[in-house]
Amino acid sequence: MRVMVREGLFTDTDPPALLGSCCGVCGSAHFPRADTCPYCAAEGPEPVELSRRGTLWAWTAVTASPPGYQGEVPYGIGVVELPEGLRVITRLTEGDPGALSPGQALELRVVPLHRDGDGNDVVTYAFAPVEAVAP
Amino acid sequence: MTGVVVSGVGLHPFGRFEGVSTTDMGVVAVRAALREAGVGKGGFQAAFCGTAYGGVATGHKVLSRLGLTGMPIVDVEAGCASGSAALMLAAAAIRAGQYDTVVVFGTEKMPKGIIRSSFFEPWQEEAGLAATPAFFGLRAQRLCQTSGVTKNHLARVVVKNRRHGVANPDAMFQKETTVDDVLSSRVVCEPLHLFMLCSPNEGAAALVLRRADLPTPAVPVTLAAAVLRSHVPGPVLSESTPLAGLADESVPAPTSLAATDAYEQAGLGPRDLDVVECQDTDAARELLSCEELGLCEPGGSAALLDSGATALGGRLPVNPSGGLLSKGEPLGASALGQVVELVRQLRGESGPRQVDGARVALSHTVGRGANAGVVVLTR
């Protein structure tokens, strides 16, 4: 079975979406979804699906398995800026930092992490270079 | 409001010590600080102990071994800034007239390797997002983009601090390194190589604080400010380690918040400083700290390093102790270790690494939470 690394962060749909929220008082967007705005403390931000495309703001790659991680190394980690004015920490499908450039267009994917003890394929959200999309 | 002085300091060296417990190290540091201050049983009214991995009642275990319990003992956890938090509480209690003498210490034995932090949820570990060096790498890459910092600059921060550490018998690494050696060490998270990251390790540090109007045997050093601030949300790469932040560069970093408060409390500014100990968890963090503390203009940290100002013998030596890059980082002890270094610098006791004529000093720690601590000392 295919399971999300954590429910409520993204939809495992085609195309997928990150689940965020938007504050009706200060207008800021959040990820993950919040029941109180972290910026102005107003309660009840509106749940939204965030933009699937963004631009690359910072990136690196992890070369040794961090604690609790069972997937492959190296893997990419970066910050993607979304049109909502949000910068999201995310895995990148590109694990070679030299293959990426600032401001590059990226889009959301759902990617496999590892198979858990119950035989489930665990998946998570990641961003991929738009150029890499098959024609 | 009464002033506060540091009347005694003590240290257990930072490194790896098989068979020596968190309590053992704390005992060494506290005993040394009490001796310097001429304080014994019944001579202090409260104790604050910083530790992140020490476990339940770490402070009580240290003071029990010394036969010095009965007063309130408060254990404080604030990540890398645990010692800063303990110091802030102790200083505030003296200023408020609650106590006249307080012991503040930190002691720690860190696990080896990449630090497993209970800050992260299990799914973040599973998704590979609990990789602390990756956050350092992302921050370093941004600094390279905004401040003209190159890998060569990052390597030269390590070379500078390791050169300072040669003269520090309490440091883990007391051997110089070269730009080539640093850049030949393996890449952990671009642009950071292994030698650009500090080692989590073990150690302890202690201070005795007193009301300024009471006599002290050692040369008293004035604690002009001891500030702790948490983050204001927004910066995605701040030590609050959020999953997302705002595309808004105007929100100040936790370090800048703490520094602004500390300068105001002390009635001093960055131009008045003679010596600084700052958080160099990685080489880029030292440069970023220089910018966030106002030691240079925003974007000016590469030029500051190039000018030689931050090396011993320069205008404003940064990390004369060798920094965390030489000493290693025992979370609960590291902030107070910086203060011990600066007290000795202000007393003129630092031997080959002495900053001549130092009268105003600043220490800085920042870590997960976010917690940012800034301390200003004068003599």
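Which strand of chain B does S8(A) join, and how many bridges join them? Strand S9 of chain B, residues 244–246, is the partner, and three bridges hold the antiparallel pair together. Two strands pair here if DSSP finds at least two bridges between them. Within this pairing, A:Leu86 has B:Leu246 as its bridge partner. Helices (H or I, at least four residues) and strands (E, at least two) are DSSP runs, numbered from the N terminus.

A word on what you are looking at: this is a predicted model, in which local features need pLDDT of at least 70 and side-chain atom pairs count only at pLDDT 80 or more, while totals for chains, interfaces and linings use all residues. Residues are numbered from 1 along each chain as its sequence is written, and chains are lettered from A and ligands numbered from 1 in the order in which they are written.

Now step back to the whole meeting of the two chains. Chain A brings 34 residues to the contact and chain B brings 28 residues, where two residues are in contact if their C-beta atoms, placed from the backbone, lie within 7 Å. On the chain A side, strands S6 (53–62), S7 (75–82), S8 (86–92) and S10 (121–129) each supply at least two residues. That side has 22 nonpolar, eight polar and four charged residues; Ala, Val, Leu, Ile, Met, Phe, Trp, Tyr, Cys and Pro count as nonpolar, Asp, Glu, Lys and Arg as charged, and the others, Gly among them, as polar.

An automatic or database domain assignment divides chain B into domain 1 (4–113 + 204–211) and domain 2 (131–196 + 223–378).

The largest nonpolar core has 159 residues. Such a core is a set of buried Ala, Val, Leu, Ile, Met, Phe, Trp, Tyr and Cys residues joined through C-beta atoms within 7 Å. A residue is buried if 20 or more other C-beta atoms, placed from the backbone, lie within 10 Å of its own, exposed if 12 or fewer, and partly exposed in between. Helix H12 (residues 331–347) of chain B gives the largest share of this core, nine residues. Both domains of chain B give residues to this core, so it lies between them. B:Leu336 is among the members that touch the most others, and its contacts beyond four places in sequence include B:Leu87, B:Val104 and B:Phe105.

Next, find helix H6 (residues 151–165) of chain B. Of its 15 residues, 11 are buried, so H6(B) is largely enclosed by the rest of the structure. Its cover includes helices H5 (132–147) and H9 (283–292) of chain B. One of its residues, B:Val157, is buried with 27 other C-beta atoms within 10 Å, and B:Val157 touches B:Ala283 and B:Leu305, among others.

Finally, look at some backbone details. A cis peptide bond joins A:Phe31 and A:Pro32, with omega about -5 degrees. In chain B, the bond from B:Glu190 to B:Pro191 is cis too, with omega near 0 degrees. B:Asn319 is not a glycine, yet its phi is positive, near 60 degrees; B:Asn319 sits in the loop between H10 and H11 of chain B.
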